[in-house]
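Here's a quick briefing to read alongside the sequence and the model. Keep both open as you go through the points below.

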Amino acid sequence: MASSCCGGSAKQQMPTAADTTTCPVMVGTPVVKAVAEAQGLFRDFEGQRYWFCCASCGPAFDSDPAKYAANMA
């Protein structure tokens with residue numbers, strides 16, 4: 001299998017728009033949903049899942065989920 005210049009597999013695919021979102025706490029910071037889920041960086045609130053860019057965003061979200069959920073509207 002060929003490698004790219006960055007050492008990854010040449011066949012490795014970039015995440016699609018459906019695979020990514022932004023962090024509701026650090027607004028505008030991109031998040032790959034599968035990576036965040038694997039690391040436990042998500043919360044469910046009012047039937048919606050929110051993914052975070054880092055471990056400190058989960059507790060911040062927990063402090064006022066409605067405020068941070070509104071950032072995604």
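In which strand is threonine 21 found? Threonine 21 sits in strand S1 (residues 20–22), with helices (H or I, at least four residues) and strands (E, at least two) being DSSP runs numbered from the N terminus. Residues are numbered from 1 along each chain as its sequence is written, and side-chain values use heavy atoms, with hydrogens and water left out. Bear in mind that this is a predicted model: local features need pLDDT of at least 70, side-chain atom pairs count only at pLDDT 80 or more, and totals for chains, interfaces and linings use all residues.

**Around threonine 21**

- Threonine 21 is buried, at 18% relative accessible area (buried means under 20%, exposed over 50%, partly exposed in between, using a 1.4 Å probe and protein chains only).
- Leaving aside residues up to four places away in sequence, threonine 21 touches Thr29, Pro30, Val31, Lys33, Trp51 and Met72, where contact means heavy atoms within 4.5 Å.

- Searching the whole structure turns up three salt bridges, each being a side-chain nitrogen of Lys or Arg within 4 Å of a carboxyl oxygen of Asp or Glu.
- One of them pairs arginine 49 with glutamate 37, and their closest N and O atoms are 3.3 Å apart.
- That pair links distant parts of the chain, 12 residues apart: arginine 49 belongs to strand S4 (residues 48–51) and glutamate 37 to helix H1 (residues 33–38).
- Arginine 49 is partly exposed, at 25% relative accessible area, and glutamate 37 is partly exposed too, at 34%.
- Arginine 49 also forms a salt bridge with aspartate 44, with 2.7 Å between the closest N and O atoms.
- Aspartate 44 is exposed, with a relative accessible area of 51%.

**Salt bridges: Arg43 and Asp62**

- Arginine 43 forms a salt bridge with aspartate 62, and the closest N and O atoms lie 2.9 Å apart.
- This pair also links distant parts of the chain, with arginine 43 in strand S3 (residues 42–45) and aspartate 62 in helix H2 (residues 57–63), 19 residues apart.
- Arginine 43 is partly exposed, with 24% relative accessible area.
- Aspartate 62 likewise counts as partly exposed, at 43%.
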